[in-house]
Each structure stands twice: as structure tokens, then as C-alpha cells.
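Thanks for making time this morning. I would like to walk you through one model, going from its overall layout to a sheet and then to a pocket.

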Amino acid sequence: METKPKILIIDDEEVVLDSCTQILKGSGYQLKIANDGLRGVELVREYQPDLVFVDLKMPGISGFEVLEKVREIDSTIVTVVITGFATVSSAVDAMKKGAYDFLPKPFTPDEFRMIARRGIERRRLMLETIALRREKELLREQFASIVSHELKAPLGAVQQNLFALDFELEEKLTEEQKAKFGRIKIRIDELLKLINSWLRVISVDINKLKDSFAQVSITKPISNALESVASLAERKNIEIVSSISDQLPPILGDVLSLSEVFVNIMGNSIKYSPDGTKVTLTAEVQGQNLVTTIQDGGIGISPEDLPHIFDGFFRGKSGQAGHGIGLAVAHQIVDAHHGSINVTSELGKGTTFMVSLPLFVNSP
Ligand SMILES: Nc1ncnc2c1ncn2[C@@H]1O[C@H](COP(=O)(O)OP(=O)(O)OP(=O)(O)O)[C@@H](O)[C@H]1O
Ligand SMILES: [Mg+2]
């Protein structure tokens, strides 16, 4: 059953309440009225309207207080302030405080109907957006749970049995059979790593990272990352030139996940660069942030690909046997640190990533 949208009007002037009631008669809306702020707030709780019109100037609790209360009760309820000519500037203040629109007095029936229609539409869109967001969240949780229970757990069990079997048969296997065992083990290990990175990218709880935030120097995660990518760089004869001072002020963060950010970005810089090129690392304070720059002289990213590189599972045309996960994870981790990642790139010339992280500030 479709319910009619609900409107509440709070105004101390009977004539305003009467005319609004007249205008909305037979309009397909349900209407309630209140002639003071307190009764209005009571009705917001009981009646749960979609849209509230509230006069800014009323005796007793003011329109501003009503706006605040409505927001506390349900921040998705749309509010419109009714103002006299003299109070247009207060209408602006009210909108800064979250009112969606304003209705100047005196108003014509058409003006009132139009603003009501717009307000109701706004509320519908807000509820729809929330429902969609919830649905997406739910799908993500379901997917994570399927991947974890239906793929990761059984594969883990297969790996366990394989280890046991390998151990039991060790003496009896020919070299060729041992090599086959070895290949199976590597393949399973790769699959488990892939599943773990899927789980990472769809993980809902990356925000839990905040529990392990501490005052750290950026040099820590960077040197961890340098260590991880060293052998890859060596294989491609790529020199990583790092000029990062250890005198830089600290940031607030989680070393392990920040190391992952730099491994993913530096790993790409190496992977997507020709042999024998250079990758340059710098870090400096810019305003309230510490900005680390990773610059490569690699193949570059096309302007069409550039807006998508942080999307989960996106691989550029140049993506070389990757899973399209590294940058999505890096982005989520940096987000959880209230930082940002920017990138500039030119095809055939190279790419520069800038990771900006807020400096640690001593709380008083
Ligand atoms: N430094 C770079 N130079 C050129 N292209 C890059 C660079 N970094 C990222 N890209 C492009 O962005 C895409 C997404 O990068 P991302 O690291 O998320 O995934 P990937 O490298 O393909 O796989 P993986 O999950 O193994 O890291 C890549 O497929 C590649 O096309
Ligand atoms: Mg990558």
C-alpha cells in the first residue's frame, strides 16, 4: 500500500496554517499543523513527517531550535523555513544549519505547492540513497562471507591435507612427483593470496585500523616497502632513488597498513616501467600534511584509465597480469588515515603518485 507523503507545518500565525491547509486539500499529501515549536517537535516524533515547514520567528522555542531538534530526531527529514521579508538573512543562516529551502511570506499557492513538491522529492531521494547504500553494504558483506566460507576455508583445508600428504610420502616420491607437488603447492598458495586480497578490498572493517594508530615516522613504512620491492626492482635493474629525510615530523597512522600502501604503489612503479629506468621517492611537509611522492619513468596511464585506477578490480589496458586490487586497497587505507592519493601521468613518459597524510598533532 502506498502511503501519502506527510507534511508538518509549524507556525504561530493561524492565517498561515489555514491557507496551507486549504492549498494542500485533496493534493495527495497528509498534513498536520502545530502552532508552536514545542508542539511541533512533539509531532515530529509522533507523526514522523517527510517534510517540515517551520516559521523562524515564533514565541517560545524558536524555529532554529526546532530545526536542531528535528535533525536530532531524524536527520533525513527535510526542513523548509518560512520567513518574513525582514528575515531573509536568517533564512540563509537556517540553510547553513541544514534547512533545505525557504518559503518567503507572503507566498502564493503555487509557490507553496512547488516548494512542498521539491521537499518531498528531496526526502524520497534521500531515503532511496540510504536504502541503496545499505543494499550495497549488505552485498559486500555477503560476498565477503561467501568468499571466506566457500572458497578460503575449503582451500585452506586442501592445503593442509597436501602438506600432510607431502610429509607422509616424502621418502617414496620420485623427483618428478615432488616437482608436481611443488607446483600444486605454489598454485594453491597463489590462490589463497588472491582470495585474501579480495577479502581485503571488500573488507568492511578497514576503519578498524584506527584502533592501532600511533605516532610514527613516514620513514618506517617507506623502508619496509623498499625492502619488500627490492628484489623485484633488482630483477628489472630499476634503481629506486630515495631522498627522504629522517628529520620529518611524525604522522598518525598504522605502520603495517601504510607499508602496504607504499608496497602497492612502488610495486606498480616498478612493474609498469621498462628495465633500467628509475623510480624517485621524496617526502615533504605541505601545510598540515606530509606528502610522499613516488615518480616513475614508466609506460604511463591513459587519460581514459586514470579516473578508474582506484576502483576495485580495475586493470588498465596496460595492466600486466595484476588483479586490479593494489590501488583500491591503498586508497581505502589512506582514506582511513584521513589522507588522500593524487596521481598525474603521461603515456609513454611516466606516472607520479602523491600520498598525502595529516601530520600528527599533539592534542592539548
Ligand atoms: N605506476 C603506474 N604506471 C602505469 N600504470 C599504472 C601504474 N600504477 C597503476 N597503473 C594502472 O592502474 C591499474 C590498477 O592498478 P592496481 O595496482 O590497482 O592493480 P594491478 O597492478 O593491475 O594489480 P594488483 O592487484 O596486482 O596490484 C593497473 O592495472 C595499471 O593499468
Ligand atoms: Mg598493482
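Predicted model: local features only at pLDDT ≥ 70, side-chain atom pairs only at ≥ 80, totals over all residues.

**Domains, sheet and pocket**

The domain assignment gives domain 1 as residues 6-107, domain 2 as 135-204 and domain 3 as 209-358.

Let me turn to the sheet. Five strands form an open sheet in the order S2-S1-S3-S4-S5, and their pairing is parallel. Its edges are strand S2 (30-34) and strand S5 (101-104), each of which pairs on one side only, while the twist from one strand to the next averages 20 degrees. If you look at strand S1 (residues 6-10), you will see that S1 pairs with strand S3 (residues 51-55) in the parallel sense over four bridges, and that Leu8 has Val52 as its bridge partner in S3.

Now to the pocket. Which residues lie nearest the centre of the largest pocket? They are Asn268, Lys271, Gly322, His323 and Gly326, out of a lining of 42 residues. Two or more lining residues come from each of helix H6 (175-202), helix H7 (219-235), helix H8 (255-271), helix H9 (326-336) and strand S12 (350-358). The space in this largest pocket comes to about 1100 Å³, and by class its lining has 16 nonpolar, 16 polar and ten charged residues. As for the domains, domain 2 (135-204) and domain 3 (209-358) each contribute at least three residues to that lining.

Note on methods: Residues numbered from 1 in each chain as written. Chains lettered and ligands numbered in written order. Heavy atoms only, no water. 1 Å grid on protein atoms, 1.4 Å probe; cavity = no way out; pocket = protein on both sides within 12 Å on 5 of 7 lines; lining within 4 Å. Points joined across faces, edges and corners; volume = space filled by probe spheres on them. Nonpolar A, V, L, I, M, F, W, Y, C, P; charged D, E, K, R; others polar. Domains from an automatic or database assignment. Pairing = 2+ DSSP bridges. Axes fitted to C-alpha atoms, helices over the stretch in contact; angles between N-to-C directions.
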